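Biologist: Let us go through this model together. I want to know what each label rests on.

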Amino acid sequence: MSKKARNYTSDILDELLSEITSEEQRRTDKRMLLAARIDDAMKAKGWRKGDLAREMNKQPSIITRWLSGTNNFETDTIFELEDKLGIKLINTEEKPREQILYFHLNVSQMINTEEYVDRFNEPKSINSYASWFGNNYGRC
Amino acid sequence: MEQVNVNYQLKGIELLEINLKHPQIQLNQERSYNFNINIEQRINNEEKLVVVITSVDLIYEKDNQSHASIKTSCIFSIANFQDFIVGNTNEVKFPNQFIVILNSISLSTTRGIMFTSFKGTFMHNVLMPIVDPSAFVTQ
């Protein structure tokens, strides 16, 4: 018997998925990520559902719901979870903004390539090179 | 007027981008270029740095095509950064003169990088003109 996984297709499933808006999908994804973070933190501490339920003073069934990724958490519950599990789930600190200043200038310059080649082949004194390059004047 | 000292140091220079595009036309020995210069000063409070990103686009006036472009960054570390933080905000306000100096150093550095990068190419002697660093328009 082949162990290769097959792609499951279903008209009903496709219809249900098409009814989910992108906003709902994003929210579901975030809830699932939150549940996964809690699960990972529990594993890191070697805790089972019962351990977290005891710490949070909740029924184990509540923890099961939290880990299902469908629960709409209250902020106080999240803050308590952060304390008990020793992780950060919500970043409330304002990140310093990067201040950006923009400047613009447009200048035009005429280039003479022939002049360059001639002078390159013809040895000149330092002074004449200085005067040659000195045709751009800056003022500060 | 009160004298304000800024203790700063050039921490790094980076060549971020360089592009050359030889046009499919005969180039005149005399040709005119428009130097489109943009400067971005990124002020990083956490690292106490100012990163000045200079972009220069060289537009050939005859066909209005870009023959070359370059992007560099100069990283400046500010020792007394906290002196320029406005009150309890995250906003940083450096003296205008200092902002102009940073632009000036970055432009000169970019000019040098352009010269060495264009050496031996059809843009060999295309030097960025000397410009007044205070003439830049703030966007």
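Biologist: Which residue of β4(B) is the bridge partner of B:Gly12?

Modeller: B:Ile75 is the partner. Keep in mind that this is a predicted model.

Biologist: What makes β1(B) and β4(B) a pair?

Modeller: Two strands count as paired if there are at least two bridges between them. β1(B) and β4(B), residues 65-78, have eleven, in the antiparallel sense. Therefore they pair.

Biologist: How do you know that β1 of chain A pairs with β2(B)?

Modeller: By the same cut-off, at least two bridges. Strand β1(A), residues 99-112, and β2(B) share 14 bridges, running antiparallel.

Biologist: What is the strand order in the open sheet?

Modeller: Six strands, β1(B)-β4(B)-β3(B)-β2(B)-β1(A)-β5(B), with antiparallel pairing.

Biologist: Why are β1 and β5 of chain B said to stand at the edges?

Modeller: Each has a single partner strand, so one side of each lacks a neighbour in the sheet.

Biologist: What packs on the sheet?

Modeller: α1(B) does, touching β1 of chain A as well as β1, β2, β3 and β4 of chain B. Its direction makes about 130 degrees with that of β4(B).

Note on methods: Residues numbered from 1 in each chain as written. Chains lettered and ligands numbered in written order. Predicted model: local features only at pLDDT ≥ 70, side-chain atom pairs only at ≥ 80, totals over all residues. Helix = DSSP H or I, 4+ residues; strand = E, 2+ residues; numbered from the N terminus. Contact = placed C-beta atoms within 7 Å. Axes fitted to C-alpha atoms, helices over the stretch in contact; angles between N-to-C directions.
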